[in-house]
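Student: I would like to learn how to read a few structural features. Could we go through them one at a time?

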Amino acid sequence: MQTKGFIRVLTYALILICLFYLSFTIVSNHYQNKAEQKALATAGIKSADTSNEKYKAALNEYLDSLANEKVYLGYYTFQQVREKELGLGLDLKGGMNVTLQISVPDILRALANNNPDKKFNQAIDNVSKNQTAQDDFVGSFCKEYKKLAPEGNLAQIFRGIDRIKEKPNANDREVQNILNDEVNSMVDNSYKVLRNRIDRFGVVQPNIQKLQSTGRILLELPGVKEPERVRKLLQGAANLEFYTTYTLGDIVGSLRQLSDQAQANKTTAAAPAEAAATDSTATAEVKAAADSAAKAAAEAAPATKDGKLTLAQLTGFEALASGGAGSPVVGYVSAADTAAVNAIVHSPMAKTILPADLKLAWTVKPEKMQGGHEAFQLVALRTVNGQPVLNGDVVTRATSEFDNLQGQVVSMTMNDEGARQWSIITNQNIGKAIAIVLDDQVYSFPNVNSRIDGGRSQISGRFTVEEANDLANVLESGKMVARVNVASESVIGPSLGKESIRKGLISFIVALILLMIFMVCTYGWQAGMIANLGLFLNLFFTMGILASFQSVLTLPGIAGIVLTLGMAVDANVLIFERCKEELRAGKGLKAAVSDGYKNAFSAIFDSNLTTIITGIILILLGSGPIRGFAVRSTS
């Protein structure tokens with residue numbers, strides 16, 4: 001009796017636990033539906049349409065506003081509720097499947113400190129051209145290098161690595177093993193950075209796997225509705241840098257000389273008619289818009305029609321200089337003309353004319369100019385031996401905040417060393433601009449009004465809430481050690497997911513009904529319904545356990561649950577058949593049931609044990625759908 005009492009208590013406790021974890025799914029669905037209804041009303045449409053910008057913005061705004069609100073039991077926030085719900089996989093919910101390639105060539109060049117050795121660089125280029133997804137890049141590189149330089153010494157090429165410093169006479173095989181370890185370590189670092197970014201992005205129950213020996217990372221992101229936003233988030237290197245700046249007045253003479261020299265050398269030759277038209281436009285705009293030299297410059301820099309405009313005409317820096325040359329902006333250029341400007345300012349000629357410590361970089365977003373067109377700003381950065389005055393490694397925390405004057409901004413906090421350097425830098429540049437650059441794009445270049453202590457700074461740039469959140473996410477998650485490329489991607493739409501859910505539910509319901517009919521027809525109404533009640537309890541406990549482990553339900557998972565129900569029926573059949581045998585042997589009903597359960601136990605135990613062993617092997621060795629099937633089968 002004590003054993004039965006314990007089993008009852010355990011059963012009731014398990015029921016309550018399963019109800020508790022399944023309730024998160026109900027609450028989450030309630031608020032998701034509420035958000036969709038509000039978004040539909042705001043957009044003025046009748047059905048969900050993720051291509052409708054108004055609907056998408058309203059939906060995201062409402063869900064973001066709920067993220068930190070306590071919506072369940074006065075304790076759990078909406079974000080926590082979503083994390084605890086029984087999630088749907090990519091095949092049911094829709095979303096994005098991405099395979100990322102970590103650039104192993106970049107890693108090798110970094111490990112060699114960008115060694116200029118021609119054979120080394122040629123070996124990397126040759127392997128890169130012929131590389132397949134399954135090849136071991138490091139092994140292929142070592143073979144190619146020895147083919148190009150039979151007398152070459154890999155240990156000498158990679159002498160900057162600590163393990164090679166300790167063993168400078170390492171042979172090529174040892175160097176290859178060290179390189180493999182270093183590459184794997186950096187891929188692990190990239191994996192952790194990506195994991196942090198995805199977790200902060202808010203994807204519920206993503207699947208992230210590192211593919212061995214290929215430098216590839218597989219991501220499955222259920223429910224993602226903004227592929228372009230995810231793409232930018234994943235590929236951002238997060239290389240944050242702080243630069244002091246030149247003013248246009250400091251370098252306008254050099255720019256004039258470069259523009260004239262480039263024209264004289266026919267790097268870019270302006271047609272006389274176009275030059276005259278452009279100059280007259282510039283003059284007219286400067287006079288008409290004296291309050292805004294930037295607008296005048298933009299009007300003076302029309303889109304290139306034949307690629308023959310001068311640097312002065314492309315950027316309009318003369319108009320800017322005439323309106324005041326105290327800004328670090330040296331030009332406003334339409335997107336179509338940025339390539340032409342790059343060809344001039346990054347040419348060998350430019351290196352001989354422009355200051356050696358000058359670096360020209362584009363703003364991340366175009367400015368809205370007079371006449372309705374947009375133009376990117378070209379900003380003059382001042383380097384220190386080719387490097388920024390301060391690196392972003394000193395940033396320890398980044399958060400998205402709202403500023404009454406600047407709108408959405410990203411606030412950054414630095415460590416003690418960074419705060420000390422930032423205080424010195426700002427004190428030396430009072431009245432001047434300091435540019436904040438991320439991945440070679442200028443996000444903002446505020447003027448320093450006074451010395452800044454405490455290591456706090458802000459990035460502004462007309463951000464939306466999503467853009468500010470993503471930027472803070474990228475900065476706080478850390479810097480990528482190598483370039484990340486999207487090797488392949490596929491987007492599964494929600495309509496396909498709904499169709500999969502419908503078919504999965506139909507197959508599940510049909511299987512359940514057929515099992516119930518089979519049990520009733522074979523063993524009668526009373527015994528059959530008792531067995532069917534056991535099926536429902538089995539299903540309830542399975543779903544509750546999956547929810548408690550925050551598992552993701554997929555189509556293979558549904559197949560695994562159906563298999564589990566089949567196994568449960570098999571156990572009932574064994575018990576009933578044993579009971580019938582005991583009754584035929586002349587035993588009473590109570591004794592027959594008791595002995596039937598006892599004698600069937602070993603067979604039931606063996607069948608479930610073999611299922612569990614098979615499931616564990618599939619979980620350990622399988623991936624994706626196979627693992628999903630195994631988890632549900634063993635639950």
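Reading the model

Tutor: This is a predicted model. The chain has 635 residues, of which 45% count as buried.

Student: How many helices and strands are there in the chain?

Tutor: There are 25 helices and 19 strands. As for contacts within the chain with a separation of 6 or more, 67% of them are between residues 24 or more positions apart.

Student: Let us take charged pairs next. How many salt bridges does a search of the whole structure find?

Tutor: The general idea is that side chains of opposite charge can pair when their charged atoms come close. In this structure, the search finds 15 salt bridges. One of them links Glu-174 and Lys-167.

Student: How far apart are the closest N and O atoms of Glu-174 and Lys-167?

Tutor: They are 2.5 Å apart, and the cut-off is 4 Å, so the pair counts as a salt bridge. Glu-174 is partly exposed, at 27% relative accessible area. Lys-167 is also partly exposed, with a relative accessibility of 42%.

Student: Which residue forms a salt bridge with Glu-581?

Tutor: The partner of Glu-581 is Arg-578, with 3.9 Å between the closest N and O atoms. Both residues lie in helix α23, which covers residues 555-584, and because they are 3 residues apart there, about one helical turn separates them. Glu-581 has a relative accessible area of 39% and is partly exposed. Arg-578 is partly exposed as well, at 28%.

Student: With which other residue does Arg-578 form a salt bridge?

Tutor: Arg-578 also pairs with Glu-582, and the closest N and O atoms are again 3.9 Å apart. Here the spacing in α23 is 4 residues, so Arg-578 and Glu-582 are separated by about one helical turn. Glu-582 has a relative accessible area of 8% and is buried. Through shared partners, salt bridges join Arg-578, Glu-581, Glu-582, Lys-587 and Asp-595 into one network.

Student: What about cysteines? How many disulfides does the structure hold?

Tutor: A disulfide is a covalent bond between the sulfur atoms of two cysteines. This structure holds 0 disulfides. Among the cysteines, Cys-142 is buried, at 6% relative accessibility, whereas Cys-521 is exposed, at 64% relative accessible area.

Student: Now helix packing. At what angle do helix α6 and helix α7 pack?

Tutor: The numbers to read are the angle and the axis separation. Helix α6 spans residues 118-130 and helix α7 spans residues 137-148; the angle is about 130 degrees and the axes are 9 Å apart. That angle makes α6 oblique to α7.

Student: Is the crossing of α6 and α7 left-handed or right-handed?

Tutor: The crossing is right-handed.

Student: Which residues of α6 and α7 meet?

Tutor: On the α6 side, the residues include Phe-120, Ala-123, Ile-124 and Val-127. On the α7 side, they include Phe-137, Phe-141, Tyr-145 and Leu-148.

Note on methods
Residues are numbered from 1 along each chain as its sequence is written. This is a predicted model: local features need pLDDT of at least 70, side-chain atom pairs count only at pLDDT 80 or more; totals for chains, interfaces and linings use all residues. Side-chain values use heavy atoms; hydrogens and water are left out. A salt bridge is a side-chain nitrogen of Lys or Arg within 4 Å of a carboxyl oxygen of Asp or Glu. Buried means under 20% relative accessible area, exposed over 50%, partly exposed in between (1.4 Å probe, protein chains only). Helices (H or I, at least four residues) and strands (E, at least two) are DSSP runs, numbered from the N terminus. A disulfide is a pair of cysteine sulfur atoms within 2.5 Å. Axes are lines fitted to C-alpha atoms, for helices over the stretch in contact, and angles run from 0 to 180 degrees between N-to-C directions. Angles under 35 degrees count as roughly parallel, over 145 as roughly antiparallel, 65 to 115 as roughly perpendicular and the rest as oblique. A crossing is left-handed if the near helix is turned anticlockwise from the far one by less than a right angle, and right-handed if clockwise. Contact means heavy atoms within 4.5 Å.
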